[in-house]
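Reader: Hi! Could you walk me through this model, starting with the confidence and moving on to the sheets and helices?
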Amino acid sequence: MGTQSGQAVRVLYSIGSKFGGGGIGTIAYYGALGLYRHGMLQRVLCGFYRPGEIPREKIRALGLPDRILRKLASMDPSGWLWHLQAALFDAWASRHLEPADVLHVWGNYGLRSLRRARGMGMVTVVERASAHPVYQARLLKEEFSNWGLSFQIPQATIQRGLAEMALADYVLIPSDFVRQSFLEEGFPEKKLIQIPFGVDITRFRPPESLAIKPFRALFVGQIGIRKGVPYLLEAWQRLGWRDAELWLVGRVLPECRPILQRYLDLPGLRLIGHLDDPVAAYQQADVFVFPSIEEGSALVTYEALACGLPVVTTPNAGSVVRNGVEGFIVPIRDVEALAAAVERLRAERLQREMGRAARARAEEFTWKEHGEKLSCVYAPLG
């Protein structure tokens, strides 16, 4: 495995976010952990990090400046501060590159780093956890426009992402949906490497016993336009149930507040808010509903499967759910199909059968398996 000298391939891993935090920080942690366990991890370059199994001496962080800028960027709706944060991290990371065989960098965080790494003779890989940048922007602008809103992303951010992917030797993607978006934009398929994400099946697991409760549908994620929440609310209204509950777990985004106001009197609707640990919410539900407009491969769908929940979602969620096996796949924006899928799960009492299939499916996509696949991809690249 590895280089001509017989040594393991050396991988520099770069992400301008909280390494080991939520979302992409979680994905990055488990990917790098797999490399570390295979003796391939040279160094992690990150904004800041949550300590974990990877030794501190393997991690170099930008630290406080990145924390401050990310905090400010979270309050900037234009997206320009996020663009600046990514550029500044990249400038810092490019100065801290070390001799290695592979540079693995997350999209929008590595244009300078990629140029320098290529000059140092490294194989370069960009990880993209969402659809192709042009496809994504077009789809989300269209969706926000449908609700009388504008979707803002700096054109410079899109161009930066495109430049990185053109420069890289490979682009790592997580799902068939993302692959299709790249192909539709004319991206060369030979540069794509597809590895699904994973889930911690020891943390996310079915409940030990089933409690007597109303039928309960669950959504976990940011409550906003991108996640398709307005369609879920409309579907729940059409179902008209007064003996069932819909739990929305997550932070309500400003763009969705006026829409949400129209549905606050819906029978059974509960706004739970953000939960640092959503395991208990999964374990108290009967079905997970996630009608997203655009994702790479939503981690919440893996978590729901691991907790033994049938999943109703869209192709654009990039999930590993198989239609009719672990749940149902419905078209985006299709309120009738969404309501019908949830109704069928309840009427035909499919929760237990599909729930068992869901758990078995999740066991095929552990974080250990994700790290194994990434290591196998990199082994011959040195």
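Author: Happy to; we can go through confidence, then the sheets, then the helix packing.

Reader: Great. What kind of model is it, and what is the mean pLDDT of the chain?
Author: It is a predicted model. The chain has a mean pLDDT of 94, and 98% of its residues reach 70 or more.

Reader: Where does pLDDT stay under 50?
Author: That happens over residues 1-5. For those residues the model has 14 contacts beyond four places in sequence.

Reader: Good to know. On to the sheets: what is the strand order in the open sheet of 7 strands?
Author: The order is S3-S2-S1-S4-S5-S6-S7, and the pairing is parallel. Strand S3 (59-61) and strand S7 (192-194) are at the edges with a single partner strand each, so one side of each has no neighbour in the sheet. On average, neighbouring strands in this sheet are turned by 25° against each other, ignoring direction.

Reader: How many bridges pair S4 with S5?
Author: There are 5 bridges between strand S4 (residues 102-106) and strand S5 (residues 123-127), in the parallel sense.

Reader: While we're on H3, at what angle does H2 pack with it?
Author: Helix H2 (residues 64-73) packs with H3 at an angle of about 160°, and their axes are 8 Å apart. That angle makes H2 roughly antiparallel to H3. The crossing of H2 with H3 is left-handed.

Reader: Which residues meet there?
Author: From H2 you have Asp66, Leu69, Arg70, Leu72 and Ala73, and they meet Leu81, Trp82, Leu84, Gln85, Leu88 and Phe89 of H3. By class, the contact of H2 with H3 has 8 nonpolar, 1 polar and 2 charged residues.

Reader: Nice. Switching topic: what is the order in the open sheet of 6 strands?
Author: That sheet reads S10-S9-S8-S11-S12-S13, with parallel pairing. Its edges are strand S10 (269-273) and strand S13 (327-329); each has a single partner strand, so one side of each is left without a neighbour in the sheet. Neighbouring strands here are turned by 20° against each other on average, direction ignored.

Reader: How many bridges join S8 to S11?
Author: Strand S8 (residues 215-220) and strand S11 (residues 287-290) run parallel and are joined by 2 bridges. Opposite Ala217 you will find Val287 in S11.

Reader: Which strands do H8 and H11 lie across?
Author: H8 lies across S8, strand S9 (244-249), S10 and S11, and runs at about 170° to S9. Helix H11 (residues 299-306) lies across S8, S11 and strand S12 (311-313), at about 170° to S11.

Reader: How do H8 and H12 cross?
Author: The axes of helix H8 (residues 229-239) and helix H12 (residues 335-347) come within 9 Å, crossing at roughly 60°. That makes H8 oblique to H12. The crossing of H8 and H12 is right-handed.

Reader: Which residues of H8 and H12 meet?
Author: Tyr231, Leu232, Glu234, Ala235, Arg238 and Leu239 of H8 meet Val335, Glu336, Leu338, Ala339, Val342 and Glu343 of H12. Sorted by class, the H8 contact with H12 has 8 nonpolar, no polar and 4 charged residues.

Reader: Last one: at what angle do H5 and H6 cross?
Author: Helix H5 (residues 133-146) and helix H6 (residues 155-167) cross at roughly 150°, and their axes come within 9 Å. H5 and H6 are therefore roughly antiparallel to each other.

Reader: How does that contact divide by class?
Author: Pro133, Val134 and Ala137 in H5 meet Ile158, Leu162 and Met165 in H6. The contact of H5 with H6 has 6 nonpolar, no polar and no charged residues.

How values were computed
Residues numbered from 1 in each chain as written. Predicted model: local features only at pLDDT ≥ 70, side-chain atom pairs only at ≥ 80, totals over all residues. Heavy atoms only, no water. Axes fitted to C-alpha atoms, helices over the stretch in contact; angles between N-to-C directions. Helix = DSSP H or I, 4+ residues; strand = E, 2+ residues; numbered from the N terminus. Parallel < 35°, antiparallel > 145°, perpendicular 65-115°, else oblique. Left-handed = near helix turned anticlockwise from the far one by under 90°. Contact = heavy atoms within 4.5 Å. Nonpolar A, V, L, I, M, F, W, Y, C, P; charged D, E, K, R; others polar. Pairing = 2+ DSSP bridges. pLDDT = per-residue confidence, 0-100.
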